[in-house]
Amino acid sequence: MNSPTSPTAMQNASPQSHYPRHFSFEFAAPKSAEALAKLAKTHSLLQALNPHFFSVTYGAGGSTKDGTRQAVLDINAAGSLVAPHLSFGGDPASKIAGLLQEYKAAGVTRVVALRGDVPSGSGGAVKLTYANELVAFIRQQTGDHFHIEVAAYPEVHPDSRSVDSDLQYFKAKVDAGANSAITQYFYNAEAYFRFVEACDRLGINIPIVPGIMPITNAQALVRFSANCGADIPRWIKKHLEAYEDDLPSLKAFGEEVVTRLCQQLLDGGAPGLHFYTLNQSAPTLSLWHNLGL
Ligand code: FAD
């Protein structure tokens, strides 16, 4: 499919287009033994697509830390490259150092380094450590053992003072030793292309892979997007409202919109896609097949 909104001039012109394409899948850390067992099934279905790696989120608030660790070790043992997400989240450095050593000993070679968000209910008592400091810490503890991913925000992180300061702090993560980045999800490809061009002007030379959020649940998407600063364009919101009582139509609409977005990004030179799977195989499998990957 050739998207009408991806100008030919943009094709291959992106500063990102020379990187090899990598596709990866993200899981939310399971919170129970049942969820862990269900995740193993989803993993085996998606493993058949041979993605570059899987990643597993980390609850800086504490509830899912053990879930992250166990899911990472299981996915690693099942033969997939897996990247645990990691943040200080108020923990002492010794605890993070211990976790890094455990992952290293298990053969894990990739991590996603994040500041994380203030845990709800903490009343802001936890002082968060910025991601650039965590990247520096990982390099100091484990040298070049880990390939370090960091987060990027084409639509600007909600806590940022300005577009420029957000870019400078993104650069600080790269300067500290990050190897590649995954973006927050977005539904406007232009935000991504502008972001990677701005990064190029700043001399940021790492792959910046778009994060892709399937549209399967309107209410959850609207709520989550408001918190994380992802913009849902008005026309998408209006369609979500129209399909409020018609889940099959909502899913069909979401699949079409997100397939087009992915195609536009790939046509424009994005170095792969990182799918937020929501721990389900079906939405990612549909996108994968629609894109002919
Ligand atoms: P940072 O890069 O540290 O930036 C946070 C904010 O502070 C930005 O506004 C930035 O401009 C500013 N800033 C950065 N450095 C400095 C500095 N040195 N001094 C002053 N200001 C600074 N959250 C989780 O809890 N668990 C997860 O597993 C998780 N996975 C994610 C995966 C991806 C791909 C993405 C995009 C996000 C994920 N998040 C996760 C959410 C993320 O933790 C939040 O967006 C968080 O608010 C910021 O994390 P960060 O690593 O981008 O922070």
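In the predicted model, the ligand is surrounded by 22 residues, a residue being counted as near when one of its heavy atoms lies within 4 Å. Among these, the closest are Tyr58, Asp117, Tyr153, Asp166 and Lys173. The shell comprises nine nonpolar, eight polar and five charged residues; Ala, Val, Leu, Ile, Met, Phe, Trp, Tyr, Cys and Pro are classed as nonpolar, Asp, Glu, Lys and Arg as charged, and the others, Gly among them, as polar. Residue numbers start from 1 along each chain as its sequence is written. Local features need pLDDT of at least 70 and side-chain atom pairs pLDDT 80 or more, whereas totals for chains, interfaces and linings use all residues, and side-chain values use heavy atoms, with hydrogens and water left out.

Oxygen atoms of the ligand lie 2.6 Å from a side-chain N or O atom of Tyr153, 2.8 Å from one of His157 and 3.0 Å from one of Ser160. Of the 970 Å² that the ligand exposes when taken alone, the protein buries 87% (Shrake-Rupley method, 1.4 Å probe).

At least two shell residues each are supplied by α4 (131–142), α5 (163–176) and β6 (180–185), helices (H or I, at least four residues) and strands (E, at least two) being DSSP runs numbered from the N terminus. The 12 residues of α4 reach 16 Å from first to last C-alpha, close to the 16 Å expected at 1.5 Å a residue, where the expected span is 1.5 Å times one less than the number of residues. Just after α4, Gly143 adopts a positive phi of about 55°.

Terms used
Polar contact = N/O pair within 3.5 Å; in protein donor to acceptor, adjacent residues only side chain to side chain.
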